Amino acid sequence: MSPPLDDALQSPADRTPLDAVDVSDPQLYQDDTWYRYFARLRGEDPVHYVRDSRYGPYWAVTKYKDIMQVEVNHQVYSSSSELGGIQIEDQPKDMERPSFIRMDPPKHDDQRKVVSPVVAPANLANMEGVIRERTIRVLEGLPRGETFDWVDRVSVELTTMMLATLFDYPWEDRRQLTYWSDVAICNVNSPESPVHSEEERFAELTKMAQALGALLNERAAQPPKFDLLSMLAHGEATQGMPIREFMGTLALLIVGGNDTTRNTMSGSIMALNEFPGEYQKLRDNPSLIPGMVSEVIRYVTPVLHMRRTAKEDTELGGKTIKQGDKVVIWYVSGNRDPEAIEDPDRLIIDRARPRQHLSFGFGIHRCVGNRLAELQLRILWEELLPRYPVIEVMGPAKRLYSNFIHGIRALPVRIPAVGRGKST
Ligand code: HEM
């Protein structure tokens, strides 16, 4: 929740000298105290050079228009894992796990084409029925009148089911996919993480590659089907990948198809509770659901940043970026830039152009799964509103210690007991 201005003026963000502002600290996102730091950077130094951080020096790009300039100029701003990839933190040497999000053209384009059909409009239309039926089942199983964790009971459950479908993975083992997703994105320095060193992470992701590799081999021997493993097995650009590239590709698809949507499902409950007037507007007019979904995706900003590396000297927002510099585009800040989005700290579910946000990125790497994520969220809310018009948030969310994924680990909620479920 954005702090009131009076409190904000007293905040450490305002007392920190600009030179010492470093928005890469994962604690800012776990404590939810990032707002004023970015407001200051946007106002005082929108393309800001951080000389010293635990990830080395980097440029913090914080305004919508500058982020777009980086996104559309992939010739200069590379995503290649050979130069450092897409996160502020480099993957350790000899443990790099390339995937097409960490590649430049032409290899990026060739591999992206292999998997995109899974989220083509015709396939989404095919999947709609099954997503709806599962959503209903999960919602009907929720308790009334008692506090439960929305993240585990709804967000993780629904997105895990989706992953199992996308990979055609054995249904009863589907939570393994969630575990590997958590392993792939966690910060190994957090005590709550499932692994605590890069070596341990690599070992777990190797197990993932072995399990899914066995399935991939089975699919290669069968005629092509509409699941991601079959597509990777039969795609010319993805056949016979080296092991680390296979690990990276699986991690990309698992995290992409799971974590981000999961956190938006949880974030949508939080955001609508934070703005009860908007929640009521939605109950009164459910046709606002698609716009609300896009607005929540902006408001939550499930991926905090992407990183690029400059392949040549260039200019950005009046600053000279040198070849080899690390350039970090902070979607979480661009989505709150008042020059691009009116009244950006408010959730407004009937905005004029709700899809004009940065949460899915832009340019050649723009999120492949964006329409699938929107579909899952739309169905969730279409089925939620008539059943449970009120979901009460009962306490603070537990957030993820990460500067990359804007994660919600737990969210206590309650559905009022029967008879009190209708809104007033
Ligand atoms: C609310 C949900 C989601 C958000 C916020 C999100 C966000 C993003 C972002 C920020 C990028 C990088 C864009 C850039 O560099 O310009 C991305 C790329 C990607 N996303 Fe998503 N994503 C979501 C859901 C999904 C889903 C459901 C899938 C899979 C079915 C998916 C698969 C991918 C893939 C494969 C890429 C790499 C694209 C490329 O490099 O060409 N995402 N996503």
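# Close-up views of a predicted model

View A. The axes of helix H12 (residues 243-256) and helix H13 (residues 259-274) approach to within 5 Å and cross at roughly 15°. Angles under 35 degrees count as roughly parallel, and H12 is therefore roughly parallel to H13. On the H12 side, the contact is formed by Ile254, Val255 and Gly256, which meet Asp259, Thr260 and Thr261 of H13. Sorted by class, this contact of H12 with H13 comprises two nonpolar, three polar and one charged residues.

**View B. Helix H12 and its surroundings.** H12 contains 14 residues and reaches 20 Å from its first C-alpha to its last, close to the 20 Å expected at 1.5 Å a residue. The helix is mostly covered, with eleven of its 14 residues buried. These buried residues are Glu245, Phe246, Met247, Gly248, Thr249, Leu250, Ala251, Leu252, Leu253, Ile254 and Val255. Their packing partners are helix H6 (107-115), helix H8 (150-167), helix H9 (175-185), helix H10 (198-220), helix H11 (228-234) and H13.

**View C. The iron atom of the ligand and Cys367.** Cys367 belongs to the loop between helix H16 (331-334) and helix H17 (370-387).

**View D. The peptide bond between Pro105 and Pro106.** Most peptide bonds are trans. The bond joining Pro105 and Pro106, however, is cis, with omega about 5°. Pro106 lies in the loop between strand E3 (77-78) and H6.

**View E. Asp32, a residue with positive phi.** Most residues other than glycine have a negative phi. Asp32 is not a glycine, yet its phi is positive, at about 60°. The residue is found in the loop between helix H3 (27-30) and helix H4 (35-44). Because buried means under 20% relative accessible area, Asp32 counts as buried with a value of 14%.

**View F. Asp94, a residue with positive phi.** Phi of Asp94 is near 70°, a positive value in a residue other than glycine. Asp94 is found in the loop between E3 and H6, where Pro106 also lies. The relative accessibility of Asp94 is 61%, so this residue counts as exposed, whereas Asp32 is buried.

Key:
Residues are numbered from 1 along each chain as its sequence is written. This is a predicted model: local features need pLDDT of at least 70, side-chain atom pairs count only at pLDDT 80 or more; totals for chains, interfaces and linings use all residues. Side-chain values use heavy atoms; hydrogens and water are left out. Donors are N, O and S atoms within 2.8 Å of the metal (3.2 Å for Na, K and Ca); water is not among the atoms, so sites may look incomplete. Helices (H or I, at least four residues) and strands (E, at least two) are DSSP runs, numbered from the N terminus. Axes are lines fitted to C-alpha atoms, for helices over the stretch in contact, and angles run from 0 to 180 degrees between N-to-C directions. Angles under 35 degrees count as roughly parallel, over 145 as roughly antiparallel, 65 to 115 as roughly perpendicular and the rest as oblique. Contact means heavy atoms within 4.5 Å. Ala, Val, Leu, Ile, Met, Phe, Trp, Tyr, Cys and Pro count as nonpolar, Asp, Glu, Lys and Arg as charged, and the others, Gly among them, as polar. The expected span of a helix is 1.5 Å times one less than its number of residues. Buried means under 20% relative accessible area, exposed over 50%, partly exposed in between (1.4 Å probe, protein chains only).
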